[in-house]
Amino acid sequence: MDIIKAALDLRPPRSNRPWPPTQLALALQGGGSFGAFTWGALERLLEEERITLDAFSGASAGAVNAALLVSGLAAGGREGARKTLEKFWTDVSHTATFLPKAAALPLGFLARTLSPYQFNPFDLNPLRVALESHIDFERLRHVVSPRLLIAATRVSTASLRIFRNDEITSAVILASACLPLLHQSIEIDGELYWDGGYIANPPLTPLVMETNASDVLIIQISPTKSRKPPRSRRDIEHRIDQINFASTLEREIEAIRLLAPLCAGGDASGKWAKLRLDRIAAEDEIEQLAEHSPANLQWTFVSRLRDAGRAAAQSWLEQTGDFSPHFLTG
């Protein structure tokens, strides 16, 4: 590890690079309604026309946001992307607000005692309707840039599947967001899939490998820190989910830490030698985020997350040429 640290410390400081970057790749984490934080961050980044958005990777809510943005870009440029994101999150929150509260109570009980094949035999999924209402998947499949890398988990082999632009349908996004205790597995070409966050939340190494950008920004929404010791069964399950979905990202970051200096050695003027990996995190902006529910789609909470995402992106854009306070790579 000392050799790796020394190699990273010798890499050129950020002050030698233009800031903000002219080309950017984004890794968008999943986390239910916390994805509204990503919406706000993306909205702010879209306003920076000097930044070319080269590629996106995403899982679950990150996959949803990525597909919304790229579809909106294809239909109406940056303003089209902004409007698509805004309309989706506004409509989803509005719909959730007016669901009968009594109907949600037995579902919560049933979801903890029965499988989705029992309590939801017709595989009703409101996300499917929302996606097909806001994303032109036919147009999306013909988009070459920005690149999309959408993560899903193969149930049969516990392995990662990355779907790219020309493969993306509503089923792919649903697969990436499929929590198996709430929804039936999504079948694509004879293979069953669950939430991509179980394997990659979000896919980071594939994004670094495939993007043309040397600057990669992770938008992290799954909490890592929790001040409240979990005591009840519900709180314990909630914290287990947080740990599972957060740990995949930390493993990928560590892999990049190890891989970057090795690749840079034979790539002195290329992407790996210039790689700069940054992160903004929702839990740095929303106090005690871990105690909130990612199923909360109330507009007051959603709009608070959006505003926090905008503010975090603004702070990131206003950094000086020094190293990121999060230090991921040089």
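**Cores and ring pairs**

Analyst: Happy to! Leu26 and Phe56 touch the most other members of the largest nonpolar core, which has 62 residues. H3 gives the most to this core, with 13 residues. This is a predicted model, where local features need pLDDT of at least 70, side-chain atom pairs count only at pLDDT 80 or more, and totals for chains, interfaces and linings use all residues. Residues are numbered from 1 along each chain as its sequence is written, and side-chain values use heavy atoms, leaving out hydrogens and water.

User: What makes a set of residues a nonpolar core?

Analyst: Its members are buried Ala, Val, Leu, Ile, Met, Phe, Trp, Tyr and Cys residues joined through side-chain atoms within 4.5 Å. Another core, of 20 residues, lies apart and includes Ala25 and Ile253.

User: Why is the pair of tryptophan 39 and tryptophan 89 called stacked?

Analyst: Rings of Phe, Tyr and Trp (its six-membered ring) pair if their centres lie within 6.5 Å; planes under 30 degrees apart count as stacked, over 60 as edge-to-face and the rest as tilted. Here the centres are 6.4 Å apart and the planes at 5°, so the pair is stacked.

User: What makes phenylalanine 88 and tryptophan 89 edge-to-face?

Analyst: Their planes stand at 90°, with 5.6 Å centre to centre, and over 60 degrees is edge-to-face.

User: How do you know that phenylalanine 88 counts as buried?

Analyst: Buried means under 20% relative accessible area (exposed is over 50%, partly exposed in between; 1.4 Å probe, protein chains only). Phenylalanine 88 has 3% relative accessibility, so this residue counts as buried. Tryptophan 89, at 4%, is buried too.

How values were computed. Helices (H or I, at least four residues) and strands (E, at least two) are DSSP runs, numbered from the N terminus.
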